[in-house]
Amino acid sequence: MAPSSKLKTPAQINNMDYEEFIDVFGNVIEHCSLCAAAVWRYRPFKDVKYLHEEICKFVDQLPPAGGEGILRSHPDLAGRAASEGLLTKESNQEQRAAGLSDLTQEERKQLAQMNDMYRSKFGFPFVICARKNKKDVILEGLRTRLNNSQEAELQKGLTEVKKICYLRLLDLVEHDGIESRL
Ligand SMILES: NC(=O)N[C@H]1NC(=O)NC1=O
């Protein structure tokens, strides 16, 4: 994304007090402002990549229950929160970008069934970076990932959370063509 005046510069971020930092970055991990809260102490950040790395480090050192909690904070793709208009603005945009607001009735049914199977097998929702995957790939990915172990899905889900986080950060911070990091 081209830099725009609305994007924060690293200098602006490094001057933010805690409240402003949470106000801006509190949802880079869906409904988990603790992740932003935990890294504020690591200012100054040289650039958006360093900020992302600190958040990833925090996520990676959580015990399994913490990682599962992060996954559970994500809404199902094209699930109830979406149909009731209860998504965060970030999640709403991401799900639309993947084409999940234009599912056929059959696709919607398949996705709902597999989301339920996934949740009852693993105990947390299926999470994938919707902006990096169109609806067909998401449906196929969900079908395949249902065969994995719980440990593998916890790691896979958190890897996707970190991608979602990076793209959300790029929407907020001035940067210079580093999307290829994903
Ligand atoms: N369940 C799930 O993957 N949710 C998410 N994925 C994404 O890109 N945004 C979300 O809210």
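In this predicted model, a ligand nitrogen sits 2.8 Å from a polar backbone atom of proline 75, a polar contact in the sense of two N or O atoms within 3.5 Å. On its own the ligand exposes 290 Å², and the protein buries 100% of that (Shrake-Rupley areas, 1.4 Å probe).

Residues with a heavy atom within 4 Å of the ligand are Pro75, Leu77, Ser91, Glu94, Phe126, Val127, Ile128, Cys129, Ala130 and Ile164. Sorted by class, that shell comes out as 8 nonpolar, 1 polar and 1 charged residues, with Cys and Pro counted as nonpolar and Glu as charged.

As for aromatic rings, the whole structure holds 7 pairs, a pair being Phe, Tyr or Trp rings (the six-membered one for Trp) with centres within 6.5 Å. Tyrosine 18 and tryptophan 40 make an edge-to-face pair, because their ring centres are 5.7 Å apart and their planes stand at 75 degrees; the cut-off for that label is over 60 degrees. Tyrosine 18 belongs to helix H2 (residues 18–25) and tryptophan 40 to the loop between helix H3 (33–39) and helix H4 (48–60), so the pair ties together parts 22 residues apart in sequence. Helices here are DSSP runs (H or I) of at least four residues, numbered from the N terminus.

Numbering starts from 1 along each chain as its sequence is written. Local features need pLDDT of at least 70 and side-chain atom pairs 80 or more, while totals for chains, interfaces and linings use all residues, and side-chain values rest on heavy atoms, leaving out hydrogens and water.

Methods:
A polar contact is a pair of N or O atoms within 3.5 Å; within protein, one must be able to donate a hydrogen and the other to accept it, and residues adjacent in sequence count only if both atoms are side-chain atoms. Rings of Phe, Tyr and Trp (its six-membered ring) pair if their centres lie within 6.5 Å; planes under 30 degrees apart count as stacked, over 60 as edge-to-face and the rest as tilted. Helices (H or I, at least four residues) and strands (E, at least two) are DSSP runs, numbered from the N terminus.
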